Amino acid sequence: MLSIAGILLSLALLMALAYRGMSILVLAPLAALAAVLFSPGTPLLASYTQVFMPALGRFIVLYFPLFLLGALFGKLMEATGAARAIAEGIVARLGGERALIAVVLACAVLTYGGVSLFVVAFAVYPIAAELFRAASIPKRLIPAAIALGAFTFTMTALPGTPAIQNAIPMPYFGTTPFAAPGLGVIGGAVMLGLGLAWLLRRAAGARAAGEHYGDDAQAPVTVDRKLREHAQGEGYDLAEAAPSAAATAPPGLALALSPIVLVVVLNYILAEQLLPRLDTAYLAEAMYGNTSLEAVRGVWAIIVALAVSIVWLLATLGRRLPSWRETVDAGASAAVLPIFNTASQVGYGAVIASLAGFALIRDAVLGLSPGNPLISLSVAVNVLAGITGSASGGMSIALSTLGQTYLELGQAAGIAPELLHRVTAIATGGLDALPHNGAVITLLSICGLTHRQSYADIFVVAVAVPLVSLAVVVTLGSVFGSF
């Protein structure tokens with residue numbers, strides 16, 4: 001019981017200090033230390049050097065190419081003006097009378113193509129502010145509209161998204177980014193449909209009550225301490241993030257969209273068609289990790305798709321960069337801190353899993369629904385994502401400690417690995433968006449609003465609605481299996 005108390009104390013410490021903006025690189029080992037101190041007989045230094053650090057290292061070995069290429073792709077989409085061109089193009093085609101829908105879809109297209117939340121928020125917010133003012137929609141609904149499009153269904157549900165939340169389950173379950181595509185589309189449709197219905201209802205209610213946009217002038221982004229800390233935690237430099245207009249006219253919509261289309265199409269062709277046909281027997285050799293194609297083809301597909309799309313971006317839009325070398329360097333640098341933050345959370349999870357009290361917690365979680373591991377998997381991932389304030393961090397802790405267990409339970413219950421993958425991914429996108437989440441804090445700061453003004457609507461579209469979608473997917477998957 002003392003060990004369990006230490007684990008709970010360390011989780012509370014992790015949540016409280018993460019909300020206050022403390023670096024995860026420092027916080028994760030400190031929280032692990034607090035848990036170890038409550039577990040008599042557990043060696044302190046060995047827990048750090050032999051448990052924490054190897055787990056951190058394994059995560060970086062697996063996923064550094066995805067973080068690197070994803071950050072570079074997003075930086076190039078921003079610097080070439082392609083991200084803003086896509087947002088403006090979608091808005092222009094839908095019209096100002098559909099301002100809410102236009103903002104949500106603009107964010108969705110960008111994030112589905114692999115553009116980071118920070119790039120999307122800074123690119124879309126000025127456009128959203130102009131649209132909402134013209135349509136007399138309250139400004140307080142802008143963060144929820146961006147949140148619905150940027151970190152819900154495109155991050156976790158839609159098949160093929162290169163988001164890290166869709167990539168992390170692949171090595172554990174031997175799946176691809178297109179795992180359970182039918183269920184992913186249904187889950188995404190539930191999130192989009194219910195989220196839009198809520199926002200449109202809220203806008204209609206505000207109109208009926210005579211409420212308008214609010215501020216007469218568009219509030220600038222205030223780079224306060226908390227915003228800067230959370231932005232730096234994601235590897236984004238706010239010194240270069242001012243939402244100013246491009247110095248030159250933006251590229252055409254078709255050209256701006258082409259890198260995103262290329263990512264999705266190449267991802268599918270490689271994962272589902274090309275790579276399975278290759279002779280990869282050499283992967284069973286010790287020098288290649290004694291592994292199989294199933295364990296790596298999903299990661300390989302995303303790596304190649306992003307790499308080719310980056311080359312395409314440089315070839316077609318590279319002339320728009322003031323200095324392509326500086327842009328590439330900035331994108332590469334932006335990958336380092338996020339992966340170390342997430343890997344530190346994985347190291348924390350490995351230390352917690354090594355403690356005596358964890359066995360009791362694990363058995364309690366697995367016992368939530370002995371006949372259907374999808375339910376306990378959903379609960380475990382969601383709770384850990386909520387505690388850490390990170391979808392990728394919570395998922396990584398859950399899978400690094402219980403991934404093999406859930407795979408075995410799924411096989412015993414006749415549950416396809418693809419279904420485990422999709423449920424895991426969707427489960428990350430619920431409680432992760434609680435008020436202490438770094439993305440929530442950053443988004444509100446970018447929009448110049450407070451939790452009191454806008455968080456209630458963010459909660460509905462980014463927490464409550466994804467939980468409903470998760471319940472739908474788990475129910476359909478339990479009845480019909482993976483499709």
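This is a predicted model: local features need pLDDT of at least 70, side-chain atom pairs count only at pLDDT 80 or more; totals for chains, interfaces and linings use all residues.

Visitor: Why is M77 called buried?

Guide: The word buried applies under 20% relative accessible area, and M77 has a value of 0%, so M77 is called buried. This residue lies in helix α3, which spans residues 44–79, and, leaving aside neighbours within four places in sequence, M77 is in contact with A82, A83, I86, V115, A256, P259, I260 and L313.

Visitor: What makes L30 partly exposed?

Guide: L30, which is found in helix α2, has a relative accessible area of 40%; buried means under 20% and exposed means over 50%, so L30, at 40%, falls in between and is called partly exposed.

Visitor: How do you know that L30 may be counted in a nonpolar patch on the surface?

Guide: A patch takes residues with over 30% relative accessible area, and the 40% of L30 therefore passes that cut-off. L30 forms the patch together with M22, L25, V26, F64, V336 and F340, with about 510 Å² of accessible area in total. The largest share, 3 residues, comes from α2, while α2 (24–37) and α15 (324–354) each supply at least two residues.

Visitor: Which residues touch the most other members of the largest nonpolar core?

Guide: They are F132, I146 and Y348, in a core of 146 residues. Leaving aside neighbours within four places in sequence, the contacts of F132 include A99, L100, V103, I137 and Y213. A second, separate core has 6 residues, among them L266 and A271.

Notes. Residues are numbered from 1 along each chain as its sequence is written. Side-chain values use heavy atoms; hydrogens and water are left out. Patches are made of residues with over 30% relative accessible area and no salt bridge: like charges are joined within 9 Å, nonpolar side chains (Val, Leu, Ile, Met, Phe, Trp, Tyr) within 5 Å. Accessible areas come from the Shrake-Rupley method with a 1.4 Å probe; for residues, only the protein chains shown count as cover. A salt bridge is a side-chain nitrogen of Lys or Arg within 4 Å of a carboxyl oxygen of Asp or Glu. Helices (H or I, at least four residues) and strands (E, at least two) are DSSP runs, numbered from the N terminus. Buried means under 20% relative accessible area, exposed over 50%, partly exposed in between (1.4 Å probe, protein chains only). A nonpolar core is a set of buried Ala, Val, Leu, Ile, Met, Phe, Trp, Tyr and Cys residues joined through side-chain atoms within 4.5 Å. Contact means heavy atoms within 4.5 Å.
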